[in-house]
Amino acid sequence: MNILIRGKERFITQLYIFSDFIVLQFAFILTWVIRFVIIEEQQGSYLPISNYFFWNILYTIIFIILGLLVGLYMPKRKMKFANEISKILQVNIFSMFALLSILFIVKTIDISRLFLAVYVIANFILIVTYRFAVKQFLRAMRKRGFNQQFVLILGAGTVGKKYLVNLETHPEYGLSVIGFLD
């Protein structure tokens with residue numbers, strides 16, 4: 001019984017983009033609550049949530065575009081999670097710099113800098129957490145034989161056999177050897 005994702009990479013990419021969009025909106029709401037409900041300003045005056053929401057949507061669009069450019073939404077079967085974390089951090093930082101540049105250009109100075117700092121940290125933590133959970137789920141499914149990719153090893157010598165042993169000891173990669181070509 002094999003469930004294959006082959007040929008559905010575009011759908012998987014769109015699913016990751018949609019998931020990131022949802023997580024960024026959740027991070028926005030969480031940050032709003034932290035900044036303006038839990039940490040109240042002494043003056044009690046701040047911009048309405050609609051102003052912040054506009055900049056949140058702009059940040060989200062920038063985040064997704066930069067994510068596409070740096071390969072954040074590429075297939076991750078063989079990518080180390082540390083590389084994915086690095087890309088998430090990179091996209092978060094560059095997206096915030098882009099947003100701050102736009103805020104400077106349009107002379108919008110009333111946005112809370114503390115809000116923006118908490119927002120970037122919340123984005124990073126939430127995206128890394130949900131992606132880690134997805135990665136662990138997919139590894140568990142691959143260990144059970146689902147979502148396999150088939151491999152034909154070139155060479156049946158010692159190197160080829162060592163590669164076979166390596167693949168057999170790591171079923172979480174989801175690679176099944178169908179044979180050797182010698």
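Helices (H or I, at least four residues) and strands (E, at least two) are DSSP runs, numbered from the N terminus. By that rule, the chain has 5 helices and 2 strands, and the elements run α-α-α-α-β-α-β from the N terminus on. This is a predicted model, where local features need pLDDT of at least 70, side-chain atom pairs count only at pLDDT 80 or more, and totals for chains, interfaces and linings use all residues. Residues are numbered from 1 along each chain as its sequence is written, and side-chain values use heavy atoms, leaving out hydrogens and water.

**The chain overall**
- Of the 182 residues, 37% are buried (under 20% relative accessible area; exposed is over 50% and partly exposed lies in between, with a 1.4 Å probe and protein chains only).

**Helix α5**
- Helix α5 covers residues 158–169, which makes 12 residues.
- Its buried residues are G160, L164 and L167.
- Seen down the axis of α5, these buried residues fall within an arc of 65° (taken from the directions from the helix axis to the C-beta atoms), so they line one face of the helix.
- Here is a handy rule: an α-helix has 3.6 residues a turn, so residues three or four places apart point the same way.
- On the other side of α5 you will find T158, V159, K162 and T169, which are exposed.
- The buried residues of α5 pack against β1 (149–154) and β2 (175–181), where contact means heavy atoms within 4.5 Å.

**Around I39**
- I39 sits in the loop between α1 and α2 (49–70).
- I39 counts as partly exposed because its relative accessibility is 38%.

Note on methods: Expected span 1.5 Å × (residues − 1).
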